[in-house]
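This briefing covers a few local features of one model, grouped by topic. Please read it alongside the sequence and coordinates.

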Amino acid sequence: MPRSRKPPDCPVEITLSLISDKWKILIVRDLLVQTRRFGELKRSLNGISQKVLTQNLREMEADGLIVRKVYAEAPPRVEYSLSETGASLRPVIDAMYHWGEAYKTGNL
């Protein structure tokens, strides 16, 4: 875990500590599809404030889940994408999607 804290002993707890926030898991979901700019993420995440999105993106970057790329333009363009570590969450997101679909349709 890139941030300077001791990771929990339990692997499930490690995963939860990185993506348990409602917004973080949805940010991962969106970035699995494509690289996005801040405004695109904000529009996609209905109800998130600019402050909360900024905070979550900073934490996810510090945790090594996302990559922030700033282009030297005026005005500056910033794009967010998943790191290799963040992209490795795809099976977790896929499992959550399939479970949610099964629950929604009563097929559990």
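The model is predicted. Six bridges join strand β2 (residues 66–71) to β3, and the two strands run antiparallel.

**Strand pairing**
- A hairpin of five residues connects β2 to β3.
- Within this pairing, Y71 stands opposite R77 in β3.
- Strand β3 (residues 77–82) also pairs with β1, again in the antiparallel sense, and two bridges link β1 and β3.

**R36**
- R36 is located in strand β1, which spans residues 36–37.
- The bridge partner of R36 in β3 is Y80.
- Y80 is also among the residues in contact with R36 once neighbours within four places in sequence are left aside; the others are D30, L31, L41, S44, V78 and E79.
- R36 is buried but has no salt bridge.
- The nearest side chain of opposite charge to R36 is that of D30, 4.9 Å away, whereas a salt bridge requires a side-chain nitrogen of Lys or Arg within 4 Å of a carboxyl oxygen of Asp or Glu.

**S17**
- S17 lies in helix α1, which covers residues 11–19.
- A polar atom of the S17 side chain lies 2.7 Å from the backbone oxygen of I14.
- S17 and P7 are 10 residues apart in sequence, and their C-alpha atoms are 8.7 Å apart in space.

Key
Residues numbered from 1 in each chain as written. Predicted model: local features only at pLDDT ≥ 70, side-chain atom pairs only at ≥ 80, totals over all residues. Heavy atoms only, no water. Helix = DSSP H or I, 4+ residues; strand = E, 2+ residues; numbered from the N terminus. Buried < 20%, exposed > 50% of the residue type's maximum accessible area, 1.4 Å probe, protein only. Lys, Arg positive; Asp, Glu negative; His and termini not counted. Contact = heavy atoms within 4.5 Å. Pairing = 2+ DSSP bridges. Polar contact = N/O pair within 3.5 Å; in protein donor to acceptor, adjacent residues only side chain to side chain.
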